[in-house]
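User: I would like to learn how to read a helix and a chain contact in a model, taking one feature at a time. Could you walk me through it?

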Amino acid sequence: MAYSDKVLDHYENPRNVGVLDKDDPSVGTGMVGAPACGDVMRLQIKVGDDGRIEDAKFKTYGCGSAIASSSLVTEMVKGKTLEEVEAIKNKDISEELALPPVKIHCSVLAEDAIAAAIADLKSKQTAKAS
Amino acid sequence: MSSLNIPIYMDYSATTPVDERVAKKMGECLTQQGYFGNPASRSHSFGWQAEELVEEARQHVATLLGADPREIIWTSGATESDNLAIKGAAHFNKKKGQHIVTVKTEHKAVLDTCRQLEREGFEVTYLDPLENGLVDLDQFRAALRDDTTVASVMHVNNEIGVIQDLKALGAICREKGVIFHVDAAQSPGKVAIDVDDMNVDLMSLCAHKAYGPKGIGALYVRRKPRVRLEAQIHGGGHERGFRSGTLATHQIVGMGEAFRIAHEEMAEENARLSKLRDRLLDGIKDLEEIYINGDLEQRVPGNLNISFSYVEGESLIMSLKDIAVSSGSACTSASLEPSYVLRALGRADELASSSIRFTLGRYSTEEEVDYTVNLIKNAVSKLRDLSPLWDMYKEGIDIDSVEWAHH
């Protein structure tokens, strides 16, 4: 399969690979996918006091497109507010990486990972407030 | 200075390049200056010369098998031989019985032929191999019934390289009066064959996995006791009626020469390939969570089939683009077909792993093996560093016990 240069670049040099402390109240963790489907993505975001995302990390088990999609997402979310991040759609990812049609699900999974990370963060904040 | 040619070919079980010595002989049978005659032409020297070459080649194939040249039938390849052997014997013996025994790890040419016979009303038993890929002899014996006419077991498995105990299987078939067919496409030059000692009745062969050309194969058909077949291709009555069609002199000469070389150089080549295979295995064996598929002792020297846990197949292949290998997954993966052979070994419980078949051959070098070792180590470490599943494994979480949201 011919991958775009951008996918290859993210695959060869993935950005922001790593782990944030999942127990930190300012960190949201989203894990989506399933081993049986061939992709598991874990995205973590950390919000600063100004409400903007100051750090993001990922680890992904999956094909080159899945790795590239999650790597790209960590770059896209940094510096954004949660509202701005929620507005990121799979199309933004798939267009940026020029994903072939059979790999669109990788960008959908990345969008799901963002949503899951935000949901985790919000539930932590609600728990803290109550 | 590096003499490496990238990509490195490590897929010798898929096919081999034609040996230069073979190509030269084949080239002599094509043009006006060469031996282009029809071997079936009885009335002139063009035909006689071509026939002589065909018979010389037949002798080379027979010698490798320990057979009589009159027991060798030319076909288009092992797939056709499998079809002719299994359908031919099943059809001919239909009145005696309509039951066939084979194994789940056989090549598709055998399995699909059996499926076709099932559609025609035959009954087929597909045996599970042991975890190491070998057939359980007791289970095999128990599967043979009074109405069983044919048993088909491959010699060397194409994916995992394990060698079945033909002598033991053949003895059981002979005792039970069942025709014993063996797909030996992967064997020539890798493991010794003696059809009499092994009690083989029918044996499928091809040239292109032994440094001969594609498009030519043979079927060994035992004469004493005589094995009878119903022909599948009808026409001019070539090959004593077993397989009609003008003989392809250049292909046959190529197969004969390839088998002559395979027979002569087997011991030396196996010793060299064993060393290379061990070098490859030694190089990567310190990686955690890797599994060798198939028995390592009862195995041809050039084959190594390894599963890498917590590494996704497609990304692994992307990282290994400098080497030509065959891949599959030990289980279900979104992007790679699961291998039915590995599944039959009972490795289906492995949720997240991918397998690679490395097959070395006549032109493999130490330098190529060393390059491959480095490439695999780097790729596997990199992908595991990227993998949340590897983290979970390291934390002691069993990923089979996690409830995944299937999408």
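Analyst: Let us begin with burial, where a residue is buried if 20 or more other C-beta atoms, placed from the backbone, lie within 10 Å of its own, exposed if 12 or fewer, and partly exposed in between. In H2(A), 12 of the 14 residues are buried, so defined, and the helix is mostly covered. This is a predicted model, in which local features need pLDDT of at least 70 and side-chain atom pairs count only at pLDDT 80 or more, while totals for chains, interfaces and linings use all residues. Residues are numbered from 1 along each chain as its sequence is written, and chains are lettered from A and ligands numbered from 1 in the order in which they are written.

User: What span does helix H2 of chain A reach from its first C-alpha to its last?

Analyst: Helices (H or I, at least four residues) and strands (E, at least two) are DSSP runs, numbered from the N terminus, and the expected span of a helix is 1.5 Å times one less than its number of residues. H2(A), residues 64-77, reaches 20 Å, close to the 20 Å expected. Just after H2(A), Gly79(A) takes a positive phi of about 85°.

User: How many residues of chain A are in contact with chain B?

Analyst: Contact means that the C-beta atoms of two residues, placed from the backbone, lie within 7 Å. By that rule, 21 residues of chain A are in contact with 22 residues of chain B. The elements giving two or more residues to this side of chain A are S1 (27-34), S2 (39-47), S3 (53-61) and H2, and S1(A) provides the largest share, four residues.
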